[in-house]
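Subject: Structure for you to look at

Hello,

Here is the structure I promised. Please open it next to this email and follow along.

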Amino acid sequence: MSGGGTAPALPGIAVLEAQEERLTLSRFTHEDAWALGSALVGLARGRRAPVAIGIRRGGRQLFHCGLAGSSADNDAWIDRKRRVVERYGESSLLVGSRFRARGTTFEESSRLDPDRYAAHGGSFPIRVDGAGVIGTVTVSGLPQIEDHALVVEALERLLAT
């Protein structure tokens, strides 16, 4: 997916906010976690994307997969990006974009340990109507915009079912 050509453009804050609003679910069960994780695996395999995938609800991991070419570093990135979503209630890409829009970076201004938090794209809140953010879905292994886009695509597929 990231072989040559120009990198995709960073979506604007309004686009990222609209994605989060649009991708609110009516429910999120264990079966939904499996369907979402399976969709991500299918998309990633189809693109030969060397990613790791993690889905959590509350403090519990419901799905994890490391595809060929991913590594333990990707698992660490999943944890760092997930912590940003858990703390801010917004996608890791949106959080990083908000800092950049203020003329700074997350690393410079958040006052959070960069070994534990990373506002890089790829982690997205699982938001349920009437309940708010109840979990996270995270991909690591591609450039951050592509990690984010893969998650958005899988959530769109889940909503369409």
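Where is Arg111 found? Arg111 sits in the loop between α5 (106–109) and β3 (123–128). Bear in mind that this is a predicted model. The phi of Arg111 is positive, about 65°, although Arg111 is not a glycine. Is Arg111 buried or exposed? Arg111 is exposed, because its relative accessible area is 80% and the cut-off for exposed is over 50%.

Arg48 is another non-glycine residue with a positive phi, near 55°. Look for Arg48 in the loop between α2 (30–46) and β1 (52–57). Arg48 has 78% relative accessibility, so it counts as exposed.

**Strand β1 and its partners**

Of the 6 residues of β1, 5 are buried, so the strand is largely enclosed by the rest of the structure. Which strands does β1 pair with? One is β2 (residues 60–66), joined to β1 by 6 bridges and running antiparallel to it. The other is β4 (residues 132–140), also antiparallel to β1 and also joined to it by 6 bridges.

Arg56 has Gln61 as its bridge partner in β2. Ile53 has Val139 as its bridge partner in β4.

β1 and β2 make a hairpin, with 2 residues between the strands. Gly58 is in the turn, and its phi is positive at about 60°.

As a general point, side chains in a regular strand alternate between the two faces of the sheet.

**Ser123**

Now go to strand β3, where you will find Ser123. Is Ser123 buried or exposed? Ser123 is buried, because its relative accessible area is 0% and buried means under 20%.

What does the side chain of Ser123 make a polar contact with? The partner is the side chain of Thr138, at 2.7 Å. Thr138 is also among the residues that Ser123 contacts beyond its neighbours within four places in sequence. That list also includes Thr136 and Val137. Lys81, Arg82 and Val85 are on it too, as are Ser91 and Ser92.

**Helix α4**

Ser92 takes us to α4 (residues 92–101). This helix is mostly covered, with 7 of its 10 residues buried. Which residues of α4 are buried? They are Ser92, Leu93, Leu94, Val95, Gly96, Ser97 and Phe99.

What do these buried residues pack against? Three of the partners are helices α1 (13–22), α3 (72–88) and α6 (144–160). The others are α5 and strand β3. After α4 comes Gly103, with a positive phi near 80°.

In general, an α-helix has 3.6 residues a turn, so residues three or four places apart point the same way.

**Arg87**

The last stop is Arg87, in helix α3. Arg87 counts as exposed, because its relative accessibility is 51% and the cut-off is over 50%. What does Arg87 touch, leaving out residues up to four places away in sequence? The contacts are Leu112 and Tyr117.

Arg87 and Arg57 are 30 residues apart in sequence. Their C-alpha atoms are 14 Å apart in space.

Best wishes

How values were computed. Residues are numbered from 1 along each chain as its sequence is written. This is a predicted model: local features need pLDDT of at least 70, side-chain atom pairs count only at pLDDT 80 or more; totals for chains, interfaces and linings use all residues. Side-chain values use heavy atoms; hydrogens and water are left out. Helices (H or I, at least four residues) and strands (E, at least two) are DSSP runs, numbered from the N terminus. Buried means under 20% relative accessible area, exposed over 50%, partly exposed in between (1.4 Å probe, protein chains only). A polar contact is a pair of N or O atoms within 3.5 Å; within protein, one must be able to donate a hydrogen and the other to accept it, and residues adjacent in sequence count only if both atoms are side-chain atoms. Contact means heavy atoms within 4.5 Å. Two strands pair if DSSP finds at least two bridges between them.
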